[in-house]
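Look at the sequence and the structure, then follow the dialogue.

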Amino acid sequence: MTVVLDTRQAAPAAEAETVKPSLAGLSRAKLGEALAAAGVPDKQIRMRTTQLWRWIYVSGVTSFDQMTDVSKALRQALEARFTLDRPEIVTEQVSVDGTRKWLLRLPRRGHEARAPEIETVYIPESDRGTLCISSQVGCTLTCSFCHTGTQKLVRNLEASEIVAQILLARDRIGDWPGADRPDDHGMLPTADRKITNVVLMGMGEPLYNFDNVREAMEIAADGEGISLSKRRITLSTSGVVPEISRWGEEAGTMLAISLHAVTDELRNELVPINKKYPIAALMDACRNYPGLSNARRITFEYVMLKGVNDSMADAKALVRLLAGIPAKINLIPFNPWPNSRYECSDWETIETFADYVNNAGYASPVRTPRGRDILAACGQLRSESVRLRAREREAAEPTAAATGA
């Protein structure tokens, strides 16, 4: 059973350009710029930035009036220019297993005829909670087994839009100090902290939005704010080889590789980026990932597709392929989506595959499908946002202005 908790209407497109920008999700440097714009003297910028940072990222406030150690005059100046708004929730769904999925509408940029939408998923367990966030609206990679790949890329998310997904999720599940947990009976961890892990496994290829994703993860990992350990942040890539080493050097988070095949012929079909960066190049990048060790293993994601990549020969080839790489192999039962052409491997086949890989010395957990009833499972995320051509934008904008739509 799916429970829809919240639905809201979009703000009129004609009003989008006058919406005040939100400070929620900004870096320290950009908060400083906002304070300067509000008239704060240069000598006070650092101190005021620290105040805002703690209110936004430690306390999770959503109103400037809640900032009790900030002068009333400054609160009014900030209120006149900015907000602390999160993305708009279009729908919030709770699965029978406690998984939550939010369809979020982002503020429309000046050139956008429609407000773009993304999906974010929260997966609770008894002792931990994982938030799966998006880095792009849509995707360029067209992986044949992935629902997101059927949605063309609309645009990259800004760093603040990536961080805002974390803030909104913490709002909705009561993950701020002193906050009440939601009353919808969804399963939440017993630990004080409800979001313990963040994975960049939502919509988009994060390494194709490198700078914004890096800035967002720096904000998330800041020890004086959200304070997520980099060992609890995992970036998943389909194999943008030139950026893998750079990510390790500059961001230092955990790494996951969306592998899914052991031959170039099959991976070219399943993960078309393989035509540009074949398996041999990808494995070299993994072996040279900065900080790689038994304590900091790479996770290789392998979706189990019936009759496609699930044979014992595939299992043996996978073990040979990963030789010498500290690794964990995450076996993912295929999650069906409308009109997909694949089927999930039989459970006996998956267990046999997992047993072989595990006996070869690699941890090979089988990921329990979560949120399938709300299309929130791995490979199922998709929004209806489309990228309009210039001619279509020109046609849409006068219509929006005339109708207020």
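Q: What counts as a cavity, and which residues line one?
A: On a 1 Å grid over the protein atoms alone, a cavity is a set of points where a 1.4 Å probe fits but cannot get out; lining residues have an atom within 4 Å of a point. In this structure the largest cavity is lined by Thr253, Met254, Leu255, Tyr289, Pro290, Gly291, Leu292, Arg296, Arg297 and Ile298.

Q: What kind of model is this, and how are residues numbered?
A: The model is predicted: local features need pLDDT of at least 70, side-chain atom pairs count only at pLDDT 80 or more, and totals for chains, interfaces and linings use all residues. Numbering starts from 1 along each chain as its sequence is written, and side-chain values use heavy atoms, with hydrogens and water left out.

Q: How much space lies in the largest cavity?
A: A volume is the space filled by probe spheres set on the points, with grid points joined across faces, edges and corners. Here that gives about 40 Å³. The structure holds one cavity of 30 Å³ or more.

Q: How does the lining of the largest cavity divide by class?
A: Ala, Val, Leu, Ile, Met, Phe, Trp, Tyr, Cys and Pro count as nonpolar; Asp, Glu, Lys and Arg count as charged; the others, Gly among them, are polar. The lining has six nonpolar, two polar and two charged residues.

Q: How many helices and strands does the chain have?
A: Both are DSSP runs, numbered from the N terminus: helices are H or I with at least four residues, strands are E with at least two. The chain has 11 helices and 12 strands.

Q: What share of the chain is buried?
A: Buried means under 20% relative accessible area, exposed over 50%, and partly exposed in between (1.4 Å probe, protein chains only). Of the 405 residues, 54% count as buried.

Q: Which residues of H6 are buried, and where do they sit around the axis?
A: In helix H6 (residues 241-250), the buried residues are Val241, Ile244, Trp247 and Gly248. They share one side of H6, because they cover an arc of only 95° around the axis. The arc is that of the directions from the helix axis to the C-beta atoms. The face turned away carries the exposed residues Pro242 and Glu249.

Q: What do the buried residues of H6 pack against?
A: Contact means heavy atoms within 4.5 Å. The partners are helix H5 (210-221), strand S9 (233-237), strand S10 (254-258) and helix H8 (279-287). Gly252 follows H6 and has a positive phi, near 70°.

Q: Which residues of H8 are buried?
A: Ile279, Leu282, Met283, Ala285 and Cys286 are buried. They line one face of H8, because they fall within an arc of 160° seen down its axis. They pack against H6, S10, H7, strand S11 (298-304) and helix H9 (312-321).

Q: Which residues of H3 are buried, and which are exposed?
A: Leu74, Arg75, Ala77 and Leu78 are the buried residues of helix H3 (residues 72-81). These line one face of H3, since they fall within an arc of 160°. Lys72, Ala73 and Ala80 are exposed on the other side. The buried residues of H3 pack against helix H1 (28-37) and helix H2 (45-59).

Q: Is Arg75 buried or exposed, and what does Arg75 contact?
A: Arg75 is buried, with a relative accessible area of 19%. Leaving aside neighbours within four places in sequence, Arg75 is in contact with Phe64, Asp65, Met67 and Val70. The C-alpha atoms of Arg75 and Asp65 are separated by 6.7 Å, and the two residues are 10 apart along the chain.

Technical notes
On a 1 Å grid over the protein atoms alone, a cavity is a set of points where a 1.4 Å probe fits but cannot get out, and a pocket is an open set with protein on both sides within 12 Å along at least five of seven lines; lining residues have an atom within 4 Å of a point.
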